[in-house]
Amino acid sequence: LPSPTPWSLTQPVTPDLLVSPSSQDGELGSECPEDRGNWTGRLDFLLSCIGYCVGLGNVWRFPYRAYTNGGGAFLVPYFIMLAICGIPIFFMELSLGQFSSLGPLAVWKISPLFKGVGMGTILIVSLVAIYYNMIIAYVLFYLFASLTSDLPWQHCGNWWNTELCLDHRVIRAGNSSLPVNISNTVSPSEEYWSRYVLHIQGSSGIGDPGRIRWNLCLCLLLSWTIVYLCILKGVKSSGKVVYFTATFPYLILVMLLIRGVTLEGAWKGIQFYLTPQFDHLLSSKVWIEAALQIFYSLGVGFGGLLTFASYNTFHQNIYRDTFIVTLGNAITSILAGFAIFSVLGYMSQELGVPVNQVAKAGPGLAFVVYPQAMTMLPLSPFWSFLFFFMLLTLGLDSQVRTEPTEPGVHSRQPEGSGDPLLLQFAFMETIVTAVTDEFPYYLRPKKASFSALICISLFLMGLILTTEGGMYWLVLLDDYSAGFGLMVVVITTCLVVTRVYGMKRFCRDIHMMLGFKPGPYFRACWMVLSPATMMALLVYNIVKYQPSEYGNYQFPTWAEALGILMGVLSCLMIPMGMVVAVLQEEGTLWERVQQASRPAMGWGPALEENRSGAYVASLAGSQSPKPLMVHMRKYGGITSYENTAIEVDREMEEEDEEESM
C-alpha cells in the first residue's frame, strides 16, 4: 500500500453515515435544495406574499363592498371572518409548502388518494392566468394612452363617441346653477372604454367574437413577455422583482391618497365610505360578503402561497409572516378606500350628483370612473399614468377576481388578491413548479424552455379575449373558472389535512419547523370553524346562482353550460385522482383506499438533516439513521431546533408505545 500523505493524516475521514445525500463531494449541503432553487433572502418571500395578496381587489373592490354593506360597520364582520377563515387557511398553506418543499401537485404525497386536488388547483390557475393577463393588457393599453398632453377619454367629439356622449363637467361649468341629469347620457371615459378599447359594438355576442383588436393583442403579448422575463430564472429572479413591484404601489397609493384628501369635496366621499350603519350587521348577506372578500383577497387555494413557501428554508418563521401579510392586506384595503372615495367625493361635487351615482366596483372603477376623475385634475396625464402604473405593478404580482364593467353587469364572484404583476408571477410559478416537481429529472434542467412553452400556450389560448367580443369570454371565465371549484379545493384540503392526515401529526410537523405547536385558536379553526364557514359560502353561491350577463346582454344556454363545465371540471379532478391512486395499489378495495390515503414514503422535509422520528430514512437514497448527527457535525453542537427534533422523537416513541399497548 502506498504510504499515507501528510494531507490524509491531518484530514478527518467522515463515515458515510454522517454524510447527507444532499452533500456534494463530501461536503454538507446547504440549508436549501440547490437543484430546486430558493429565495435568496428572507424578505424575498415576505414581499412576494404581500404582493400576491395586496392588489387590485384592495383598490377596486373592497371600498365598494364596504360602503354597500354598512360602511364602517362592515369592518366588524370583515375582521371576524379574517380571524376565522383567512389567517388559519393562509397559515395552513404556508406550512404545507415549507414543510415539504414541494409544489401544489407533488405536495399531495401527504395523501396520494387526494392528488386530484392538486390537479384541480392547476386547472383553476391556468384558466385564471389566461384572462388575468388580459386585464394586465388593458392596464398597459391605458398606461400608453396616458403618455399624452390631452387624455383621449377627456372629451366627446371623437370618432368612437355617439350622440349620447356628454361631458358633464363642461355642462356643469356652463350653468353651475342647474344640476346635471346623467341618467340618459354616457361619459366620454365610458365610451372610450367600451367603443374604442373593447370595440364591443363590432360583436353581437359571445358566439360572434368578431375581429382581433391588434392593439390589444400586442399589449397581451407584451404582458406575457414581461411575465416570462421575470420568472425566467425562477424565484431567484422573481424574488428580486418583487422588491419593486410589491413596494412601489404603496408609494403611488400614498401619493394618490394625499392628493385625494386635499381635493375639495373629498370629505363628502370619505363620509359616504365610512359612515357606519350597524343595522346591516343583522343581515346574513353582509357576513357572507365579508367572508368572500377575505377568501379571495388573500388568494388561498390558488397554490401561489404554497409555492412561495416551498422555496423557504425549513425553519423560516411563517407564523410571524402570516400575521404580517394578512393584517397588512386588511389595512391596505382600508387605506385604498380613503384614496378612492376622496377622489369620488371630489368628482361628485364637480358634477353636482350624489356619490352613489359615480361609485362603481371592478373594472368599472378602474377603466371608467377613476380615469374620468383624473381628467378633472391639473396635470391629468401625470396622475393617470401613476394610477395605471400602480395597477400594473399590483397586477403582475398576484391573483385577482374581476368584475364586469358596465352598469348593471353581473358577476357572482368577487375579485381577490393582489398585485397584477406579482399575481401573474405567482400563477406562472405555481404552474411551472407543480409540473417540474412531478418530473424533476426531465424538466428542472429545462425550466426556462418549459416556462416559455407554458407562456406561449396560454397566450394563444387568450387570443380570443383580444377580439371585439372578447369581453364576453372574459366575463364567462371570470364567473366560472375560480368560483365554486376553488371553494371545493380549499375545503377538501382543509378536511384532508385535519381528518385524513391528522391534526396531531400536522401540528407535530409545524413543531419540527418552528419549534412550537399551533395553539387552540388554529386547531379550532382548522377542525371546525374554517371548513364550516367555507361550506356556508359554497352553499350560498349555489343557492344564489344567477346566469351570467354583461350589461343588458344575456349569455346563451350553451355558454352557461360551458362555464358550469369549467367549474365542475376542477372538482371532477378529485374523484379522477382517487381512481388513479386506488388502481396503483394492491389488495382489496378498502385496503387500496387505506394505503393510498397514507403519506407516501417520500413525504417529509426535503433535506435529510431536517428529518426526525418517522421521517428518518424515508427519503429516497437515505443513508443516515439519525439526521441529528448531521446537524451536530454541521453546527458543532445541539441547537434549539435539534432540541425540538429530540422532543418530537420522544413524543412519537411514546405514541407508538401507547398504540402497541
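Author: Buried means under 20% relative accessible area, exposed over 50%, and partly exposed in between, with a 1.4 Å probe and protein chains only. This is a predicted model, in which local features need pLDDT of at least 70, side-chain atom pairs count only at pLDDT 80 or more, and totals for chains, interfaces and linings use all residues. Residues are numbered from 1 along each chain as its sequence is written, and side-chain values use heavy atoms, with hydrogens and water left out.

Reader: Why is L379 called exposed?

Author: The relative accessible area of L379 is 64%; the cut-off is over 50%, so L379 is exposed. L379 is not a glycine, yet its phi is positive, near 55 degrees.

Reader: Why does S101 count as buried?

Author: S101 has 9% relative accessibility, which is under 20%, and therefore counts as buried. S101 also has a positive phi of about 55 degrees, although it is not a glycine.

Reader: What makes N58 a "binding site" residue?

Author: The label comes from UniProt, where an unreviewed entry lists N58 among others, including V54 and N329. UniProt positions are given in the numbering used here, feature names are shortened, and annotations may be inferred rather than shown by experiment.

Reader: Why are N58 and V54 called buried?

Author: N58 has a relative accessible area of 1%, under 20%, so N58 is buried. V54 has 6%, also under 20%, and is therefore buried.

Reader: Which residues is N58 in contact with, leaving aside neighbours within four places in sequence?

Author: Contact means heavy atoms within 4.5 Å. On that criterion, N58 is in contact with C53, P63, N329, T332, S333 and A336.
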